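Subject: Structure handover

Hello,

Here is the structure I promised to pass on. Please open it first, then read the notes below.

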Amino acid sequence: IFPSTEQSDRERHGMVYLPAIVSCSLVLGGAYSLGDIFVQHLELWRLKKGFQSRHAADKSANKSWKDGYYGDIDLSSSDEESKSTSSGSSKEVPTIIPTSFRSLCEPHFVYDAERTAHMGIVGLLYKGPVRFLRMATLQWLFEDKALTKTLFDMLVFVPPTMLGFFIVHEVVCTKSEPNRDNLLAIIKREWGLSVLIQWAFFFPVDLIVFTLVSDNIVLQSLFTGLLDMLSGAVLSHLTYR
């Protein structure tokens, strides 16, 4: 993939590094978009499961409907059956929560395309180029020392990279000057956790990639970029929760 050493630095940059950065950016943009789509559906599933559990456990709701606690709901059917009961019928008054009310409470999935677009843009314009430059810098500094490269990446590059992610994401979302208070709140709440997650996930990934593909920063960037879909899903959840 790399040009021969006889070629000039200008040719080498033009033939390799620029297309590699573009490729890595496209991979990261797609990975972050797919990660966000996945996590949005996962968040809906958790909401629905939580709603169903709460609804099944709420035994007092039926009594509330019977007593007419929600006075703006038409309970005429229950009143008619109450009259039939008082006239000698042994049939009890039904105490089932109307389906219409349940449908109002139950969460419905509304896909947020703008959220996916924001994550894709951040992956394309920020994470992709930064990922490639990290791999190139590590290769230049440590060459084939996989463990040293991994430790240096985790301790030196990951914390500022994650800080930059939240700043760039806020700029992309606001499309102007970022909301400083909102940005500081997100960084204070999520930055430390995001760094720990990156360490836990990418330490073994980087170590394996640096060991198997020790001398090709293009493949290193693309392999780790593809796995960044999971990282994008986690970051999307942390940013929008």
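Helices (H or I, at least four residues) and strands (E, at least two) are DSSP runs, numbered from the N terminus. On that basis the chain reads α-α-α-α-α-α-α-α along the sequence. That makes eight helices and zero strands.

Two notes on the source. This is a predicted model: local features need pLDDT of at least 70, side-chain atom pairs count only at pLDDT 80 or more, and totals for chains, interfaces and linings use all residues. Residues are numbered from 1 along each chain as its sequence is written, and side-chain values use heavy atoms, with hydrogens and water left out.

The whole chain

The chain has 241 residues, and 36% of them are buried. Buried means under 20% relative accessible area, exposed over 50%, and partly exposed in between (1.4 Å probe, protein chains only). The chain exposes about 14,400 Å², with 63% of that supplied by carbon and sulfur atoms. Accessible areas come from the Shrake-Rupley method with a 1.4 Å probe; for residues, only the protein chains shown count as cover. Contact means heavy atoms within 4.5 Å. Of the contacts with a separation of 6 or more, 78% join residues 24 or more positions apart.

Two packed helices are described by the angle between their axes and the distance between the axes. Axes here are lines fitted to C-alpha atoms, for helices over the stretch in contact, and angles run from 0 to 180 degrees between N-to-C directions. Angles under 35 degrees count as roughly parallel, over 145 as roughly antiparallel, 65 to 115 as roughly perpendicular and the rest as oblique.

Take α7 (residues 180-212) and α8. Their axes come within 11 Å and cross at roughly 160°. The two are therefore roughly antiparallel. The residues in contact include Leu 193, Ile 197 and Phe 201 of α7, and Phe 223, Leu 227 and Val 234 of α8.

Now α5 (residues 113-142) and α8 (residues 217-240). These axes come within 9 Å and cross at roughly 140°. This pair is therefore oblique. Among the residues that meet are Arg 115, Met 119 and Phe 132 in α5, and Thr 224, Leu 235 and Ser 236 in α8.

Two buried polar residues

Ser 236 is in helix α8. Its relative accessibility is 0%, so Ser 236 counts as buried. Which side chain does the side chain of Ser 236 make a polar contact with? It is that of Asp 36, at 2.5 Å. A polar contact is a pair of N or O atoms within 3.5 Å; within protein, one must be able to donate a hydrogen and the other to accept it, and residues adjacent in sequence count only if both atoms are side-chain atoms. Beyond its neighbours within four places in sequence, Ser 236 touches Asp 36, Val 39, Arg 115 and Met 119.

Asp 153 sits in helix α6 (residues 146-174). Asp 153 is also buried, with a relative accessible area of 0%. Its side chain has a polar contact of 2.9 Å with the side chain of Arg 134. Leaving out neighbours within four places in sequence, Asp 153 contacts Arg 134, Met 135, Leu 138, Val 158 and Asp 206.

One backbone point

Most residues other than glycine have a negative phi. Glu 143 is not a glycine, yet its phi is positive, about 55°. Glu 143 lies in the loop between α5 and α6. Glu 143 is exposed, with a relative accessible area of 52%.

Best wishes
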